[in-house]
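Here's a quick briefing to read alongside the structure. Keep the viewer open and hop between the spots as you go.

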Amino acid sequence: MTQLYPMTGGLLLPTQRAIGLKPQALTEQPPRLVFALQQRHLRYGSVVKLGQLVFANQVIAQSIGSEPIALHTGLAGQVTSIDDHSIELRTNSNMPTHKQPIPVSMTTLKHTPLAKGLRELGLLGLGGAGFPTALKIHRIHTLLINGVECEPLLVTDASLMTYHADQIIQGLYQLLTHQDIQLRRLIIAIEADKPQAITAMRQALQIHTWSLQPELIIIPTRYPAGGERQLYQQLFGEKLPAAVKMSDQGVACLNVHTLLAINNGFNGQPLTHRLVSILGNGIAQPQQLWLPIGTPISWLLTYCGALHEPLEVRIGGPIMGQRIDQRNQSITANANTLIVDLVKPTLFEQPCIACGQCEPVCPEALAPQDLIALIQSQPQQQDQQLVEQNLPACIECGVCDLVCPSHIPLHQYFGQHKSRLKHLADQQQRAQIANATYTRRQERLAKAPKPNPKPPIEASRFTPSQPLSSKANSTTKLKTNLAKAQRLYREAQAALKQAEKKGLEPTLRKVYESKVGKMHDKVQLAQTAFDTEKGRV
Amino acid sequence: MTLLGLSFIVLGLYAIARTLMALEKKAQALHAATEQANSIEQSIHQLLPQTQCAQCTYPGCRPYAQAVATGEDHNKCPPGGDALIMKLSELLNREVLPLVNQPQASDKQDSYPLTPGHGPTPAPVEMIAMIREDECIGCAKCIPACPVDAIVGAAKMMHTVILQDCTGCELCLPPCPVDCIDLLPRQQFL
């Protein structure tokens with residue numbers, strides 16, 4: 001049995017999971033799909049045109065950057081609008097699926113570089129952060145499968161593991177056989193309060209014979225035990241510093257849903273659908289649906305029979321989830337859960353009483369009450385001190401909000417200031433680069449020779465520096481010169497005659513005559529040169 | 001005889017050592033003075049936005065930092081805006097002055113007028129230059145104008161801006177004969 005290390009902070013929360021919710025397909029197609037182009041980690045640019053007919057599984061957008069990640073549509077249809085933020089499709093069920101070769105098929109994903117294949121399949125982390133999978137699996141020695149869905153109410157991963165364990169494990173098995181993956185350790189972490197999922201995964205693991213035995217580890221129920229950094233601490237016994245990513249340590253953390261999508265990828269199916277739980281007291285009954293990415297939330301609410309009352313819709317869990325404006329948003333790859341609740345009375349924020357309850361629960365060992373005091377006080381030296389207090393390490397899990405007796409939305413403040421600090425740091429880094437290039441340029445310009453005026457014409461250019469190879473050679477040259485001059489003279493004369501025939505204005509006539517005169521002079525010069533040379537010979 | 005010689009040698013050595021020490025002290029004092037000047041200049045330089053736009057009438061941020069350290073007004077940097085003026089005033093213990101060189105009204109939708117008595121106005125939106133590549137004729141005139149080498153291209157070839165390196169200084173706009181360079185908010189490009 002692998003040793004588990006204790007996690008810093010955290011809370012034991014009543015989870016209230018609706019276990020036993022079965023994944024179901026939609027019984028009707030959404031009439032339109034809206035693809036959000038600006039996501040947390042990616043910005044997509046459209047590759048389709050307005051009015052274009054697209055097949056299911058076709059690439060409709062690619063992320064901006066040197067290594068683009070594709071975005072596929074799950075349903076066929078016609079593009080009805082494109083702007084900076086979204087692509088909209090009117091779906092059409094009569095159109096066939098994509099006929100052209102799907103970018104990566106089972107055989108090719110096996111033999112193409114894994115990262116490239118994953119980018120072409122458009123794989124993103126489906127656990128909730130939506131981080132591109134291709135960027136995670138670079139040079140790893142440990143693979144960590146995350147089935148620790150620690151926020152209360154969430155059941156998406158649990159039911160996936162219960163009902164689709166074989167596909168998840170199949171995906172894992174295929175991934176291990178890929179040439180780009182060489183592992184030393186393979187860990188599957190599942191939270192203790194999902195017994196059915198654990199049994200299903202255990203059974204599925206026994207189907208295959210493994211070259212590297214996967215370790216199935218049961219993580220005690222505690223929020224936020226399923227965060228990447230928290231899992232790392234529990235499994236390896238040390239905390240990751242704020243600036244260090246898990247992949248820097250050679251560990252990749254993949255959600256179980258991502259593994260299922262990888263399995264689909266090995267079968268040639270890009271990422272187009274995901275499982276979404278729709279929960280809350282604002283809908284008739286909780287459901288779990290396979291939804292095409294881009295399904296509009298307004299349509300989904302009608303489909304699920306949402307109540308006709310003011311509703312509060314959240315994407316993600318009840319704590320970390322984002323409240324959204326339901327009218328114009330749609331399902332994205334990271335939307336694991338939709339919580340539809342009747343609007344609750346908001347609790348008003350009271351001043352901090354410095355009770356210190358938030359400190360022991362913080363999983364990153366920060367001091368939320370000091371941070372909030374800093375944020376609410378002097379704006380001048382705030383930034384420096386916030387960095388010193390390690391604000392960038394905050395994972396925005398929101399446990400501090402839960403225990404705060406003054407109902408301060410602490411993690412919202414922290415999130416805002418985290419992104420502000422990040423923006424400032426970026427700006428500073430850019431300034432440094434600009435300064436460096438500027439200095440380099442100045443040095444280069446100082447070194448570069450100044451453009452000189454044209455060098456004076458040397459006399460030697462006109463006198464042959466070497467004696468002519470033979471006299472005969474020079475006479476032939478002079479002869480050709482003479483012939484050429486004579487020809488030009490004749491041509492000039494002919495031109496003058498022809499012009500006279502047509503009738504000439506006096507000014508033009510002068511031009512022609514002067515030309516003839518010049519040519520005559522040249523012929524004479526060439527003649528004398530030739531004669532003297534001949535005479536010398 | 002030997003004793004006398006030895007004492008002479010010792011005295012000589014002592015004198016040499018004294019002069020050396022005095023010289024070193026002098027050098028140290030000089031070094032400290034320049035260091036202090038340098039450190040002020042350095043900390044001013046670190047606060048400047050490094051746009052290298054020359055709107056302060058100095059050819060870059062480093063020369064302006066030098067000038068401010070030796071007494072030039074600290075309110076001549078439009079990209080830094082009022083926030084920079086506040087920071088510099090604090091650093092140099094000088095009075096807060098209103099910004100002198102207002103941003104040129106080229107095509108900035110978001111130029112903020114100074115509102116006296118309402119605290120610092122928000123920092124101007126970060127802009128970057130973007131070449132409309134269809135219209136570029138490849139004249140290569142914008143390339144030497146760029147202070148941070150952020151434009152790539154060659155004669156009669158299309159040019160483009162390296163977005164990460166562009167500081168939005170606008171120095172490439174005047175040389176362009178076909179006006180194919182736009183200034184766009186950086187946010188649009190991540």
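**Briefing: two chains, a few spots worth a look**

A:Ala365 is exposed, with a relative accessible area of 53%. Bear in mind that this is a predicted model.

- Some background first: most residues other than glycine have a negative phi, and most peptide bonds are trans.
- A:Ala365 goes against that, with a positive phi near 55 degrees.
- You'll find A:Ala365 in the loop that runs between helix 10 (358-361) and helix 11 (368-376) of chain A.
- A:Asn57 isn't a glycine either, and its phi is positive too, at about 75 degrees.
- Look for A:Asn57 in the loop between strand 4 (53-54) and strand 5 (59-63) of chain A.
- Is A:Asn57 buried or exposed? A:Asn57 is buried, its relative accessible area being 10%, whereas A:Ala365 is exposed.
- The peptide bond running from A:Tyr223 to A:Pro224 is cis, and its omega is near -5 degrees.
- A:Pro224 sits in the loop between strand 11 and helix 7 (228-236) of chain A.

**Helix 6 of chain A**

- Which residues of helix 6 (residues 195-205) of chain A are buried? They are A:Ala197, A:Ile198, A:Ala200, A:Met201, A:Ala204 and A:Leu205.
- Look down the axis of helix 6 of chain A and those buried residues fall within an arc of 165 degrees, so they line one face of the helix.
- On the other side of helix 6, A:Pro195 and A:Gln203 are exposed.
- The cover over the buried residues of helix 6 includes helix 4 (156-163), helix 5 (165-177) and helix 8 (256-266) of chain A, along with strand 10 (185-191) and strand 11 (215-219).

- Chain B has four helices and four strands, and along the sequence they read α-α-α-β-α-β-β-β.
- Of its 190 residues, 30% count as buried.
- Take the contacts in chain B with a separation of 6 or more: 51% of them are between residues 24 or more positions apart.
- B:His159 is in the loop between strand 2 (151-152) and strand 3 (160-161) of chain B.
- B:His159 counts as buried, at 1% relative accessibility.
- The side chain of B:His159 reaches two backbone atoms: the nitrogen of B:Ala140 at 2.9 Å and the oxygen of B:Met157 at 3.1 Å.
- Leaving aside neighbours within four places in sequence, B:His159 is in contact with a set of residues that includes B:Cys136, B:Cys139, B:Cys142, B:Ile131 and B:Val152.

**Where chain A meets chain B**

- How many residues does each chain bring to the contact? Chain A gives 14 residues and chain B gives 21 residues.
- About 1400 Å² is buried between chain A and chain B, and carbon and sulfur atoms give 46% of that area.
- On the chain A side, A:Arg430, A:Tyr438 and A:Arg441 lose the most area to chain B, together 40% of what that side buries.
- Three salt bridges are counted between chain A and chain B.
- The side of chain A that touches chain B is made up of four nonpolar, six polar and four charged residues.
- A:Arg444 forms a salt bridge with B:Asp149, with 2.9 Å between the closest N and O atoms.
- Six residue pairs are in polar contact between chain A and chain B, both residues being at pLDDT 80 or more.

Technical notes. Residues numbered from 1 in each chain as written. Chains lettered and ligands numbered in written order. Predicted model: local features only at pLDDT ≥ 70, side-chain atom pairs only at ≥ 80, totals over all residues. Heavy atoms only, no water. Contact = heavy atoms within 4.5 Å. Buried area = accessible area lost by both parts, 1.4 Å probe. Salt bridge = Lys/Arg side-chain N within 4 Å of Asp/Glu carboxyl O. Polar contact = N/O pair within 3.5 Å; in protein donor to acceptor, adjacent residues only side chain to side chain. Nonpolar A, V, L, I, M, F, W, Y, C, P; charged D, E, K, R; others polar. Buried < 20%, exposed > 50% of the residue type's maximum accessible area, 1.4 Å probe, protein only. Helix = DSSP H or I, 4+ residues; strand = E, 2+ residues; numbered from the N terminus. Arc of directions from axis to C-beta.
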